[in-house]
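Hi,

Here is the structure I said I would pass on.

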Amino acid sequence: MDDIAIIGSGPAGYTAGIYAGRASLSPVLFEGLESGGQLMLTTDVENYPGFVDGIMGPELMQVFKGQAERFGTQIKTETIDSIEKLDNGFKLTSSKGEYLFKSVIIASGASARWLGVEGEGYQFWVYSWQAVLWVC
Ligand SMILES: Cc1cc2nc3c(=O)[nH]c(=O)nc-3n(C[C@H](O)[C@H](O)[C@H](O)COP(=O)(O)OP(=O)(O)OC[C@H]3O[C@@H](n4cnc5c(N)ncnc54)[C@H](O)[C@@H]3O)c2cc1C
């Protein structure tokens with residue numbers, strides 16, 4: 001049985017990976033369908049400390065991922081379908097198999113609720129600046 005599973009590969013999941021890895025817990029992180037999470041859908045992230053000129057969302061997530069991997073986080077491209085509580089831990093099931101862990105961090109985030117209107121969010125690239133509606 002491994003020490004710790006992390007479900008989700010957004011900022012919260014990778015942050016958990018960095019901390020658990022630094023604590024020598026050999027975390028296993030399940031990415032889910034949206035590798036990198038919601039920030040993969042955006043361009044400039046300007047409110048994240050440490051980046052004076054801002055950073056592109058996908059680039060920021062690549063940095064998060066690299067930092068988590070540096071401390072030993074093992075990343076699996078799988079979606080967890082169910083979690084079962086056992087006496088001594090948890091059983092996680094994906095389409096690729098079953099895994100046993102002593103503890104689980106759920107960092108499954110959210111999905112933006114799109115309005116479905118023209119020029120919305122990540123469609124930035126095909127519309128002009130003036131036509132874009134930001135999601136946050
Ligand atoms: C277009 C856009 C622009 C944004 N711009 C900014 C910005 O500039 N600044 C800012 O501060 N915030 C911004 N946000 C908000 C920011 O992206 C979120 O607050 C942040 O991503 C939340 O991080 P998280 O780790 O909690 O979850 P998320 O980023 O939502 O990641 C969730 C993760 O969980 C995984 N997951 C879900 N279910 C499962 C499962 N069953 N098994 C395995 N994995 C699973 C998904 O694959 C995903 O990797 C923006 C959001 C969007 C959509």
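Of the contacts in the chain with a separation of 6 or more, 53% are between residues 24 or more positions apart; two residues are in contact if their C-beta atoms, placed from the backbone, lie within 7 Å. Bear in mind that this is a predicted model: local features need pLDDT of at least 70, side-chain atom pairs count only at pLDDT 80 or more, and totals for chains, interfaces and linings use all residues. Residues are numbered from 1 along each chain as its sequence is written.

The chain has two helices and eight strands, in the order β-α-β-β-β-α-β-β-β-β from the N terminus. These are DSSP runs, numbered from the N terminus (helices: H or I, at least four residues; strands: E, at least two).

Now for α2. Gly57, Leu60, Met61, Phe64, Lys65 and Ala68 are buried there, while Glu59, Gly66 and Arg70 on the other side are exposed. Buried means that 20 or more other C-beta atoms lie within 10 Å of a residue's own, exposed means 12 or fewer, and partly exposed is in between, with C-beta atoms placed from the backbone. Viewed down the axis of α2, the buried residues fall within an arc of 140 degrees (taken from the directions from the helix axis to the C-beta atoms), so they line one face of the helix. They pack against α1, β2, β3 (44-45) and β4 (55-56). After α2 comes Gly72, with a positive phi near 95 degrees.

Cheers
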